[in-house]
Amino acid sequence: MKHLPRARALSLAAVTALALAACSTTDPSDAGGSADSGSGEVETGNGVTDSEITVGMLTDLSGPFAAGAAVQVTETQAYWEQVNADGGVCDRDVVVDVQDHGYDPQRAVTLYRSMAPDVIALQQVLGGPTSAAVLPLAEQDDVYVGGVGWTGSALQYENNQLPGASYAIEAANAIDYLVDELGVAEGAKVGVVYFAGDYGADVLLGAEHAAEERGLEIVAQEITSATTDLSAQASALAQEGVAGVVLGAAPTQLASLAGVLATQGADVPLIGMNPTFNPSLLTTPAADALLANAYSITSVAPYASDAPGVQAANELYAAADPDGALGWEVPLAYVQAELLKQALDGACESGDLTPEGVVAALRDSTSVDTEGVLPDGLDYSEVGQSPTTTVYLSKVDAAAPAGLALLEELSGPSAESFSYGG
């Protein structure tokens with residue numbers, strides 16, 4: 001696979017121009033048929049004209065993940081502006097149609113139905129519940145879907161490309177880290193606080209597998225995204241005497257849980273999955289508790305990583321929005337766009353620049369290299385299994401850029417023994 005393009009300076013005016021272009025729609029009558037790519041005849045379909053390729057982005061700009069989603073939109077627009085300045089894809093400019101589902105699955109479905117005739121692929125459907133609602137429809141339409149919420153249920157879809165390890169793999173690694181590095185002893189209890197739905201269910205599945213492997217007892221606490229005060233859950237965990245907590249929720253829940261556990265004297269490590277940490281939490285009353293005990297496991301390298309791909313992503317974002325909020329979402333958005341670009345390039349090279357051609361190019365990817373933004377060697381050829389068992393383990397650190405200091409890449413024994421359906 002191709003390496004990540006190097007970031008170069010962008011003007012704010014250029015990024016603004018792309019954002020305006022992304023709001024326009026493509027005339028369906030211009031799509032379909034075939035065109036000369038410059039190297040031969042290329043079949044085209046939905047979302048493709050002689051001059052443009054339109055990709056969709058269904059994100060959460062008004063729900064629980066709004067802060068991080070806004071960062072991802074900025075980075076995504078900047079990425080494709082750079083690609084277009086370098087010649088585009090298949091001799092065409094790429095434009096992005098960004099829509100806000102507000103973490104509402106029904107709204108996501110409505111938006112998908114309206115977008116599908118005019119896009120070749122969806123670079124992102126942010127969130128587990130929204131992805132679960134959209135993926136079956138997109139599979140019927142043979143539309144590539146990337147950037148979903150890492151739920152294991154998404155892996156069953158041939159048209160889906162997870163950017164890294166699934167939530168179950170993350171959670172299994174969290175348990176392994178608690179045992180191997182943080183001293184949680186065999187026979188101890190570990191709390192799992194998780195959102196109801198596919199996201200939380202996958203976190204619980206991986207944690208339960210690892211707990212059985214490592215001789216631990218799980219104390220499960222199910223919540224919803226509307227649960228913003230976790231006093232009851234923290235009290236229950238403290239009463240059970242848990243030696244650590246795994247969290248599959250959002251930043252609001254992380255701040256509440258860490259703060260309440262601290263006030264109750266429960267001095268235990270708290271490991272949050274991908275979307276749970278945002279650097280804005282370090283300006284809240286929970287900051288001291290987070291700095292003392294909070295860790296983050298991500299499938300994407302954090303902003304503070306010195307990997308070449310992450311540095312390229314960060315430079316691109318800094319040029320696009322010098323005063324913008326920082327976070328692990330910067331390399332995430334970059335690599336989502338890069339994965340889709342690789343699939344688009346593959347479809348072009350095969351002469352099939354259609355939604356079906358993009359999905360076929362995805363499934364030909366057996367050893368994806370993203371220069372450290374994702375673990376090397378991701379394998380997307382096996383439908384139903386996570387493309388990797390390796391994740392990034394970081395500690396909340398006020399001195400680190402974006403608040404997360406990368407400690408290590410981790411692939412623990414329980415993560416490696418986990419298999420969906422096995």
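Predicted model: local features only at pLDDT ≥ 70, side-chain atom pairs only at ≥ 80, totals over all residues.

R214 belongs to helix α6 (residues 198-214) and D176 to helix α5 (residues 167-180), and the pair links distant parts of the chain, 38 residues apart.

R214 also meets the side chain of D180 in a salt bridge, here at 2.6 Å from N to O. Because D180 lies in helix α5 while R214 lies in helix α6, this pair ties together parts that are 34 residues apart in sequence. D180 counts as partly exposed, since its relative accessibility is 43%.

Another salt bridge joins E240 and K189, whose closest N and O atoms are 2.6 Å apart. E240 sits in helix α7 (residues 231-240) and K189 in strand β8 (residues 189-195), so parts that are 51 residues apart in sequence are tied together by this pair. E240 is partly exposed, with a relative accessible area of 37%, and K189 is partly exposed as well, at 23%. Through shared partners, salt bridges join D176, D180 and R214 into one network, and the structure holds 4 salt bridges.

The largest nonpolar core has 140 residues, of which W80, L122, L257, M273 and L344 touch the most other members. Helix α11 (residues 329-349) gives the most to this core, contributing 11 residues. If residues up to four places away in sequence are not counted, L122 touches G56, M57, L58, Y112, M115, V134, V143, Y144, V145 and G146.

Conventions:
Residues numbered from 1 in each chain as written. Heavy atoms only, no water. Core = buried A, V, L, I, M, F, W, Y, C linked by side-chain atoms within 4.5 Å. Buried < 20%, exposed > 50% of the residue type's maximum accessible area, 1.4 Å probe, protein only. Helix = DSSP H or I, 4+ residues; strand = E, 2+ residues; numbered from the N terminus. Contact = heavy atoms within 4.5 Å.
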